[in-house]
Amino acid sequence: MTKPLAHIRNFAIIAHIDHGKSTLADRLIQTCGGLEAREMTEQVLDNMDIERERGITIKAQTVRLAYKAQDGIEYQLNLMDTPGHVDFAYEVSRSLASCEGSILVVDSTQGVEAQTLANVYQALDNHHEIVTVVNKIDLPAADVEWAKQQVEDVVGLDASDAIPVSGKTGQNIDQLLEAIVKKLPPPTGNTDRNAPTKALLVDSWYDAYLGVVILVRVVDGYLKKGQKIRFMGTGATRDIDRVGMFTPKKVLLDELGPGEMGFITAAIKDISDTKVGDTITDERNLAPEALPGFKPSIPMVFCSLFPADSSEFEKLRESIAKLKLNDASLHYEMESSQALGMGFRCGFLGLLHMEIIQERLDREFDVDLVPTAPSVVYKIKMTNGNELTLYNPADMPDTTRIATISEPWIKATIMTPDEYLGSLLQLCQERRGVQVELTYVGNRAMLVYRLPLNEVIFDFYDRLKSISRGYASFDYHLDGYEEGDLVKMEILVNGEGVDALAMVVHRSQAERRGRQLCERLKDLIPRQMIKVAIQAAIGGKVIAREDISALRKDVTAKCYGGDISRKRKLLEKQKKGKAKMQMYANVEIPQSAFIAALKMGDEK
């Protein structure tokens, strides 16, 4: 039996990375009896190995909890634990669009940070009621009043009734549950049994036994086993064979009603039938119009993925399609390369997102990959007036036909303790940044900078964290295109261009970036029987060079004594052989060298 709408609460937990969202979700699950004590683990909702190893949330997870409030009514709480990292912001935006309220978690030792702000603004855009929580009050450095003041000064929310809790010890969790029931609004929807069904497709993933599993938020009507449904976006029809919820264990139900969240399966094997944001309706009683769905995600960073073994191309195609089902912010299209064969040009929300996708393809689908250098999308104006969009630096047209090249810029918000401000200003200046704003809240500075995205995607975040010892936080959004003095830099190994390492750089940074990459490749490419030259070039001009010396067999080892001419004869013979080998040699760059070369830092 489905609950009345007044007894349902749908909410997301939002915060900056590492402020304790997943730990707080653990305590809510434990308090509401979602799992028994022996089934509990730390960060129970982070069910991927990568999430546990890195200590970050990558996928938003949903859980249904039953909570008996002080007024004696049992409420149904649909909780969504969201990621905190800026690269997974699309997971957060989808979660917020399918809820009515949010719990804003602020670390009592760190205060408000950049992603806290970004997530709060997203929640307010979705007209959410917000319950503020000050977490980690069990730590010796905790300062609850300071954290509340930060919420009021920086975010602009009234934090007088913010709830101090400890996600680790469970302190004050009962107060938080009462606040969720009292402050957050119930969902709205049509509970009439004869009303057309409308359900939002929030997420989906592939199960080897069940086919595609779909996470839904029912808005109007009901979804039940055996019902024939239609996906309004794709026009596909299916019969539901399972309806259920997560507690976080899978539990099968008879039906899902208005305001409820759960999952359905319908023996879907064709991945293209299910698109995130689609509306599911009853085939016999169609909804007059679809739900608005979600805003599409905009990829920021592009990189090509090729199979290490060209015979595994079909396996890579299937694997990326299944991963796209689980991660709607991944964009991909086919492409081919002279050096690497057939592969896919993929768009990501950031560098961490790119790294996680590559790692998931390797772990979950056992695909060996050769990735190219990450790049952004450039807009090229040709001398004949045409405009081109450049996704891959290797496809850049001849420079004589180019009038201007425009690159994407971002607006970045950096929050940092005062003592690291000077070094961070210097870092932003080095990366061609333009300062927009510098304000103070207590002893914390908030920097707003405009930066070229090309300068940020490589190692900006790592440098920011190392300069500030992990205390600075960083958030950004796209802020249009601007013309720049940009050039294509190619890497030549033994005179042959490696298109996987081609990149577009600003002319002022080209020499430094080229020298860095050549030095890195010198250490990564194994020595050959011939001397190997590694060069960085712009057009026909070489701007940096490193040489890998040849492995040399000691051909004179068998000569003991005797005339020097015997040794000279053997050395001359070896020299001729080396020269011949140099003409026909093909230097193989190992896959590990590609990946390591692209993780370039400012210091070696």
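## Positive patch

Lys-553, Lys-558, Lys-569 and Lys-573 form a positive surface patch. Patch members have over 30% relative accessible area and no salt bridge, with like charges joined within 9 Å. Lys and Arg count as positive, Asp and Glu as negative; His and the chain ends are not counted. The place of a charge is NZ of Lys, CZ of Arg, CG of Asp or CD of Glu. Areas come from the Shrake-Rupley method with a 1.4 Å probe, and for residues only the protein chains shown count as cover.

Lys-553 sits in the loop between strand 31 (541-548) and helix 13 (564-584). Helices (H or I, at least four residues) and strands (E, at least two) are DSSP runs, numbered from the N terminus. Lys-553 is exposed, at 59% relative accessible area. The classes are buried (under 20%), exposed (over 50%) and partly exposed (in between), with a 1.4 Å probe and protein chains only.

## Model and conventions

This is a predicted model: local features need pLDDT of at least 70, side-chain atom pairs count only at pLDDT 80 or more, and totals for chains, interfaces and linings use all residues. Residues are numbered from 1 along each chain as its sequence is written, and side-chain values use heavy atoms, leaving out hydrogens and water.

## Negative patch

Asp-309, Asp-362, Asp-366 and Asp-368 form a negative surface patch. Asp-368 is in the loop between helix 8 (351-365) and strand 20 (369-371). Its relative accessibility is 43%, so Asp-368 counts as partly exposed.

## A buried glutamine

Gln-150 belongs to helix 5 (residues 144-155). With a relative accessible area of 3%, Gln-150 is buried. What does Gln-150 contact, leaving aside its neighbours within four places in sequence? The partners are Gln-110, Gly-111, Val-112, Val-155, Val-441 and Arg-444. Contact here means heavy atoms within 4.5 Å.

## Positive phi angles

Most residues other than glycine have a negative phi. His-127 is not a glycine, yet its phi is positive, about 60°. This residue is in the loop between helix 4 (114-125) and strand 5 (129-135). His-127 is exposed, at 73% relative accessibility.

Lys-136 also is not a glycine and has a positive phi, about 65°. Its place is the loop between strand 5 and helix 5. Lys-136 is partly exposed, at 21% relative accessibility.

## Salt bridges

How many salt bridges are there? The count is 21. The rule asks for a side-chain nitrogen of Lys or Arg within 4 Å of a carboxyl oxygen of Asp or Glu.

Glu-314 and Arg-317 form one, at 3.2 Å from N to O. These residues are three apart in helix 7 (residues 313-326), so about one helical turn separates them. Glu-314 is partly exposed at 44%, and Arg-317 is partly exposed at 32%.

## Further pairs and a network

Arg-545 and Asp-547 meet in a salt bridge at 3.0 Å, N to O. Arg-545 is partly exposed at 45% relative accessibility; Asp-547 is partly exposed at 29%. Lys-488 and Glu-490 pair at 3.9 Å, N to O. Glu-490 is partly exposed, with a relative accessible area of 29%.

Salt bridges also link Glu-407, Arg-432, Glu-455 and Arg-513 in a network.

Key:
Patch = residues over 30% accessible without salt bridge, like charges linked within 9 Å, V, L, I, M, F, W, Y side chains within 5 Å.
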